[in-house]
Amino acid sequence: MASQHHQQLLVLSTFLFLFISISTQNPETIVLPVLKDIRNGQYITSLYQGTPPVLSELVVDIGSRYLWVDCENNYNSSSYHPAQCNSSQCSLADATTCRTCTGPPSPGCNNNTCGLFPENSITGLSTEGDLIDDVVTFRSIDGTDATVSEFLFPCGSTSLLQGLAYGVEGMAGFGRRSMISIPYQLSSVFNIKPQFALCLSPSSFFNGFIFVGNSGNYNLGPGIDVSSILMRTPLVTNPVNAQGEASSEYFIGVSSIKIDGIQVKVNTSLLDIDDQGVGGTKISTVTAFTTMETSIYKAVTLAFIKAAKAKKMKRVAPVKPFKACFSTGSINSTSAGPDVPIVDLVLGREDVYWRMFGANSMVEVKWRKALCLGLVDGGSSPRTSVVIGGKQLENIFLEFDLSTSVLGFSSSLLQRNTTCANFNTKGIWPELKSSY
């Protein structure tokens, strides 16, 4: 039986594919629907690949270098082409290996084909696979198809799907250091701005979105222009990842952390990235909850508990993996979630900060009638000191401008009585929601 997110994305994508006209005219903005898999906290998008077109569901990883799919299990397409060794495609993908295969020719098994190393960024597993191109169909913001006839991506193996949500075929990478990541390829093909915007819904029933391309179309009901409410901060370059290359992940320059306006005493050198690529703060869609290096985590948790006591929040026994939990009966509600101490990540200047209200900072544990601070101890020697996870990204609008290396971000959209599920995309999505 197909999973819940599989059924919903199938309805969503099938409706769009049947509803919209076939067009390859240059779109202004590409739109990808995103649904949350509640069981594991992963975010799933969908698109059509191959000939005949087949729905592919992919786990969203904004920091991954490219899209990859499992080519071993029923990837049957008459339009795929292997990238020949030393070709311009291999150069574009920065693929330096040359592969051979003794089996019958098929996607993932070709001779004289350059290879890449697709990775499951959740488990850390990686395998080498052929670089191929094939037809991939996206949707534009005006409701037409946006088809790329030669979209480049590597083939993964079935073993790489371990740990991913049920029914997915791979991962969708939006990384900043690869010319074959989704935003860079779409920018090149359709002559649109190399940027993307992310708005994640916490629901598995109402989708959020990823927008790729030009700005100015971010309108939510009721009549809110998201671009007008964004703070902006530079995207920080991490010069070295775990493989010794420039990182494709998205780092920001957190300079301090505050709880209810009071600065937490932490070792601020951990917030900087050293010459080995260690430290700093990154944004991740494949980490369920924000993780912090142990000393930072302890300091922030203790400061939060102190501020919670001042609000007369009643402590209860911890629920793994969380340490600071409180009785739901002792916490009031606000438009932005539980009325709890505010967590601010200060970004260089005191007037630029990533603010977490209760809807993003707290995790409900219904069977214990508890609300827990949704931060996790990341250990004493993590590669990245702070990883902002999916829970803390939900109903927050993020715009990644790859041409200027600037991040635009909102606080919780709940404060404005709207959510990531309320985007107005010219009539397509309201009809689509009625089909859930």
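View 1. Helices (H or I, at least four residues) and strands (E, at least two) are DSSP runs, numbered from the N terminus. Welcome to a predicted model, in which local features need pLDDT of at least 70, side-chain atom pairs count only at pLDDT 80 or more, and totals for chains, interfaces and linings use all residues. Residues are numbered from 1 along each chain as its sequence is written, and side-chain values use heavy atoms, with hydrogens and water left out. The C-alpha trace spans about 65 × 50 × 40 Å along its principal axes. For 436 residues, a compact globule would have a radius of gyration near 22 Å, and the 22 Å of the protein chain agrees with that. This radius is taken over C-alpha atoms, and the globule rule is 2.2 Å times the number of residues to the power 0.38.

View 2. Of the 436 residues, 56% are buried, where buried means under 20% relative accessible area, exposed over 50% and partly exposed in between (1.4 Å probe, protein chains only). Among contacts with a separation of 6 or more, 69% link residues 24 or more positions apart; a contact means heavy atoms within 4.5 Å.

**View 3. Helix α3, a mostly covered helix.** Look for Ile-182, Pro-183, Tyr-184, Gln-185, Leu-186, Ser-187 and Phe-190, the buried residues of α3. Their packing partners include β1 (29-37), β8 (129-140) and β9 (145-156). Another partner is β11 (195-199). Just after the helix comes Asn-191, with a positive phi of about 55 degrees.

View 4. Gln-195 lies in strand β11 and counts as buried because its relative accessibility is 1%. Leu-407 is 212 residues away along the chain, yet the two C-alpha atoms are separated by 9.8 Å.

**View 5. Strand β32 and its two antiparallel neighbours, β15 and β31.** Two strands pair if DSSP finds at least two bridges between them. Strand β15 (residues 231-236) is joined to β32 (residues 406-409) by 4 bridges, and here Thr-233 has Leu-407 as its bridge partner. Strand β31 (residues 397-401) is also joined to β32 by 4 bridges, with Glu-399 partnered by Gly-408. Together β31 and β32 make a hairpin with 4 residues between the strands, and Ser-405 in the turn has a positive phi of about 55 degrees.

**View 6. An open antiparallel sheet of 4 strands, β21-β22-β28-β27.** At its edges are β21 (315-316) and β27 (362-365), each pairing on one side only. From β21, 2 bridges reach strand β22 (residues 325-327), where Cys-325 is the bridge partner of Val-316.

**View 7. Another open antiparallel sheet, in the order β18-β17-β25-β26.** Strands β18 (262-263) and β26 (349-356) stand at the edges with a single partner strand each, so one side of each is left without a neighbour in the sheet. Further in, β17 (residues 256-259) and β25 (residues 343-347) pair in the antiparallel sense over 4 bridges. To find this pairing, look for Ile-257, which stands opposite Leu-345 in β25.
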